[in-house]
Amino acid sequence: MKQTTLPEWLREAPGPLPPIAGNRQRRRRKSFVEKTVEEFARVMQEEFYAEKIARSPGLLQEIHPGAKVLTTLLLIGVAVSLRSWPVLFFVNLWVLLLVYLSAIRPAAFLKRVWLVVPLFTGVIILPSLFNYVLPGTPLLVLINFGHPVHLGPWTFPGYLAITRQGVAGGLIFILRVGACVSLALLLTLTTSWPALLKAFRLLFVPQIFIAVLEMTYRYIYVLLLTVSDMFAARQSRTVGRTSTSEQQRFISGAMGSLWTKAFNLSEEVHAAMLSRGYTGQPHTLTSLQMRQLDWFWTAFTVIISLITLWGDRLLG
Amino acid sequence: MAEPLFQLNNVTYHYPTGETALEGIDLSIYKGEKVALLGANGSGKSTLLKILDGLLFPQSGSLIAFGETVSEQTLGNEAFSFAFRRRVGFVFQNSDAQLFNSSVWDEIAFGPVQLGLEREEVVSRVEGVIAMLELDHLKNRPPFKLSGGEKKKVAIASVLSINPMVLLFDEPTSGLDPRTQRWLVNLIRTLNDAGKTIITATHDLEIVDQIADRAVVLGEDHRIAATGAVEEVLGDMDLLLRVNLIDEEFHRHLHGDGHKHVHAHG
């Protein structure tokens, strides 16, 4: 066999490492590529976290996904129609109790819901706090002009204030959104994604649509790993910093290469499906085998919903 | 000898790019055989398996399987297509392409469900295969979270649940650790003992004598270079050198110090 001859430079060994202590150079900033690799790792980790919770023993994990989807929708419907803040507060507490019973750390759960909800809903409700937008009893006067303000054809009261009605409305809105987000998060955390998709069949979502979603979920991770490998391979060969335009070139190259890989993979997947009898019409085993616990849970949720609605009517 | 299960007559296949994958292939596979398709990379082994599985169709020549011609037209017939798919199972080299469902259980159930088996039958087959291959701890897991060896096991399980009489394996041991390779070799032998016909494409010469009685060697010219009993083919060093299945180093090892050190071109 022909012997490979190494060129001279390939035989050279690098010199000693530069001293690290006393090297006063500025810390290297992370490149776009490095950050992307880290972000991929984070997405995967997040998925593992969700999957771990969905598989750990807990109250909601034990309940059939179909029953869970239906009861969650019912509870969200109830939360949306509530008008009294104490009742909404009670609903939020009730969700927290479920979180606790489903082996999810309440602190982590609260962080996920309540760091995000006030931020987004806050922006939405902000204008309605002021008497210029929603007239009401002033709670805190911010600016007192002493006379009505004329702005073009509009006339505004002589003071800008946060109103009692605005605050109450905002509070109810935040509690309501918080309850809905909590319920949805609780459902997705305690149900594995495949089980959740199957449960959607009960809501008459077309089978082909669910099949597409399932495949997307399945292959997004294969492609994510491919991309992650491409980025890591590139990172391991990068010495020093690279220019933005160079990084952009790499990204566009990576996109093209990923597209080709995805296309080849899709052909192979299709062959594998045909080989096992797929004829273009997906057949599935759908079952809603409700056990006693599922019936009990559904009945319990209906009762809780009725009590909540009754309480709301009493207080609202 | 009995009627062949598969009969390829002068089969030629070109890729859409025009490159030749197979040229003038004449081959018969008989019931209960263990056949190894040997050949270097790019010699057309995978293409041949895909033709045997009715996934690709020869541009010239014909494939007769179970006494019927297999073509795009005949596989368009639902009854024949179902009968064919129930009889032939294909374990792909890339497990990721084969595992397209979102959980291991669904993966194994996919074939039987597509082929219209009753629910009880599907459940009993899936549970049976899970118990046989000891996959119980994986059954609710999504396939992308499995290791390479686990993926291969699930891919095999997903084909076994169809209970095919012919199993096609494409490079089954590539990328597997030694223990999983051993497990796979034993499984192939067990399946063959139970009457299954096994066709394995490989260039892993170390396992060939354990998973095959007969070897079909594809040359780099995409034609059949030789067929014969495994010992006969593996003993023909000139043949193996010519088709690029071994290199001179291997040759020297074998003839020089007399100790066998098998390695093929990967």
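Me: Does Tyr132(A) count as buried, partly exposed or exposed, and what is its relative accessibility?
Reply: This is a predicted model, by the way. Tyr132(A) has a relative accessibility of 24%. The cut-off for buried is under 20% and for exposed over 50%, so Tyr132(A) counts as partly exposed.

Me: Okay, rings next. How many aromatic pairs turn up over all chains?
Reply: The search of the whole structure gives 14. One of them is Tyr132(A) with Phe156(A), a stacked pair with 4.8 Å centre to centre and 15° between the planes.

Me: And which parts of chain A does that pair tie together?
Reply: Tyr132(A) sits in the loop between helix H6 (117-125) and strand S1 (138-144), while Phe156(A) belongs to strand S3 (residues 154-156), so the pair joins parts of chain A that are 24 residues apart in sequence.

Me: Nice. Which residues do ring pairs link into a cluster?
Reply: Trp94(A), Phe296(A), Trp297(A) and Phe300(A).

Me: Zooming out, what does the secondary structure of chain A come to?
Reply: Eleven helices and four strands.

Me: What is the radius of gyration of chain A, next to that of a compact globule?
Reply: Chain A has 29 Å, whereas a compact globule of 316 residues would be near 20 Å. Its C-alpha atoms fill a box of roughly 90 × 60 × 45 Å along the principal axes. Of the 316 residues in chain A, 36% are buried.

Me: What about its contacts and surface?
Reply: For contacts in chain A with a separation of 6 or more, 76% are between residues 24 or more positions apart. Chain A exposes about 20100 Å², with 68% of that supplied by carbon and sulfur atoms.

Me: Switching to chain B: how many helices and strands there?
Reply: Chain B has twelve helices and ten strands. Its radius of gyration is 19 Å, close to the 18 Å from the globule rule for 266 residues, so chain B is as compact as a globular protein of that length. The C-alpha box is roughly 60 × 40 × 40 Å, and 55% of the 266 residues count as buried.

Me: Last one, charges. How many positive and negative side chains does chain A have?
Reply: Chain A has 30 positive and 16 negative, with the centres of the two sets 7 Å apart. Chain B has 24 positive and 37 negative charges, and their mean positions are 5 Å apart.

Conventions. Residues are numbered from 1 along each chain as its sequence is written. Chains are lettered from A and ligands numbered from 1 in the order in which they are written. This is a predicted model: local features need pLDDT of at least 70, side-chain atom pairs count only at pLDDT 80 or more; totals for chains, interfaces and linings use all residues. Side-chain values use heavy atoms; hydrogens and water are left out. Helices (H or I, at least four residues) and strands (E, at least two) are DSSP runs, numbered from the N terminus. The radius of gyration is taken over C-alpha atoms; the globule rule is 2.2 Å times the number of residues to the power 0.38. Buried means under 20% relative accessible area, exposed over 50%, partly exposed in between (1.4 Å probe, protein chains only). Lys and Arg count as positive and Asp and Glu as negative; His and the chain ends are not counted. The place of a charge is taken as NZ of Lys, CZ of Arg, CG of Asp or CD of Glu. Rings of Phe, Tyr and Trp (its six-membered ring) pair if their centres lie within 6.5 Å; planes under 30 degrees apart count as stacked, over 60 as edge-to-face and the rest as tilted. Contact means heavy atoms within 4.5 Å. Accessible areas come from the Shrake-Rupley method with a 1.4 Å probe; for residues, only the protein chains shown count as cover.
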